[in-house]
Amino acid sequence: ARYWEENKTYDFFAVAPLDLGTGVIYDAEKGWGVNFNIVESMVADDQVDFILAQAQRTTGNITSPPANVQLGFTHKLSKVKLKLKKDSGNAGQTITLKEVYIYGMKGDGTYYLDSGWSLGANIAGVSRTNMSEVLGTEYSEIGEALMIPQSLSEDSVYLIASFDYTNNGVT
């Protein structure tokens, strides 16, 4: 059995979902971290969130069991939503979206407890296929993805879409 020692400081952290725990690492310079890879889909039900909690407990003169350790989880990913609409200039237009692909962001990294994200080298994309979304003149939510927070330059990320276009009955 293992017991609390008097006058010691204990560090705790927890990650969810459980299978992220297999990516827990220790780096002598950066400390504890968790490896993560994005899900390359824009379907909400496919997404995997990454939440993490940290706490520290210092024991004093132990005469009874120490108080419970409180873990407050925080989200470590950014949610990106894609919304599209057609131009309202031509009432005879019909645009039916078939698939969407966003490419050019970092898809992997390590979250270090002391310093935050360290991005990996993997360039990734997210997609949604097998669609039949008719675009109207109001924004339609096409999909969402949970991404590693990062700065993106104007020319580093691409949106590719496949669609059917009809104008006054002519495809």
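Mentor: A pocket here is an open set of grid points where a 1.4 Å probe fits, with protein on both sides within 12 Å along at least five of seven lines, and a lining residue has an atom within 4 Å of such a point. Please keep in mind that this is a predicted model.

Trainee: OK, which residues line the largest pocket?

Mentor: The lining consists of Asp11, Phe12, Phe13, Tyr26, Gly31, Trp32, Gln54, Ala55, Gln56, Leu113 and Asp114, and the space in this pocket comes to about 210 Å³.

Trainee: And which strands each supply at least two residues of that lining?

Mentor: Those are strand E1, which covers 9–16, strand E3, which covers 31–37, and strand E4, which covers 51–58.

Trainee: How does the lining divide into nonpolar, polar and charged?

Mentor: Six of the lining residues are nonpolar, three are polar and two are charged.

Trainee: Switching to rings, how many aromatic pairs does the structure hold?

Mentor: There are eight aromatic pairs in the structure. In one of them, Phe13 and Trp32, the ring centres lie 5.9 Å apart and the planes meet at 45°, so this pair counts as tilted. The pair joins distant parts of the chain, since Phe13 sits in strand E1 and Trp32 in strand E3, 19 residues apart.

Trainee: What about the rings of Tyr101 and Tyr103?

Mentor: Their centres are 5.9 Å apart and their planes are at 20°, and because planes under 30 degrees apart count as stacked, the Tyr101 and Tyr103 pair is a stacked one. Tyr101 is partly exposed, with a relative accessible area of 30%, and Tyr103 is also partly exposed, at 33% relative accessibility.

Trainee: Where is Tyr103 found, and what does it touch?

Mentor: Tyr103 belongs to strand E7, residues 93–106. Leaving aside residues up to four places away in sequence, Tyr103 touches Ile123, Ala124, Gly125, Ser156, Val157 and Tyr158. The C-alpha atoms of Tyr103 and Asn90 are separated by 30 Å, with the two residues 13 residues apart along the chain.

Trainee: Last one: which residues do ring pairs link into a cluster?

Mentor: Phe36, Phe50, Tyr111 and Trp117 are linked by ring pairs into a cluster.

Definitions and conventions
Residues numbered from 1 in each chain as written. Predicted model: local features only at pLDDT ≥ 70, side-chain atom pairs only at ≥ 80, totals over all residues. Heavy atoms only, no water. 1 Å grid on protein atoms, 1.4 Å probe; cavity = no way out; pocket = protein on both sides within 12 Å on 5 of 7 lines; lining within 4 Å. Points joined across faces, edges and corners; volume = space filled by probe spheres on them. Helix = DSSP H or I, 4+ residues; strand = E, 2+ residues; numbered from the N terminus. Nonpolar A, V, L, I, M, F, W, Y, C, P; charged D, E, K, R; others polar. Buried < 20%, exposed > 50% of the residue type's maximum accessible area, 1.4 Å probe, protein only. Contact = heavy atoms within 4.5 Å. Phe/Tyr/Trp six-rings, centres within 6.5 Å; stacked < 30°, edge-to-face > 60°.
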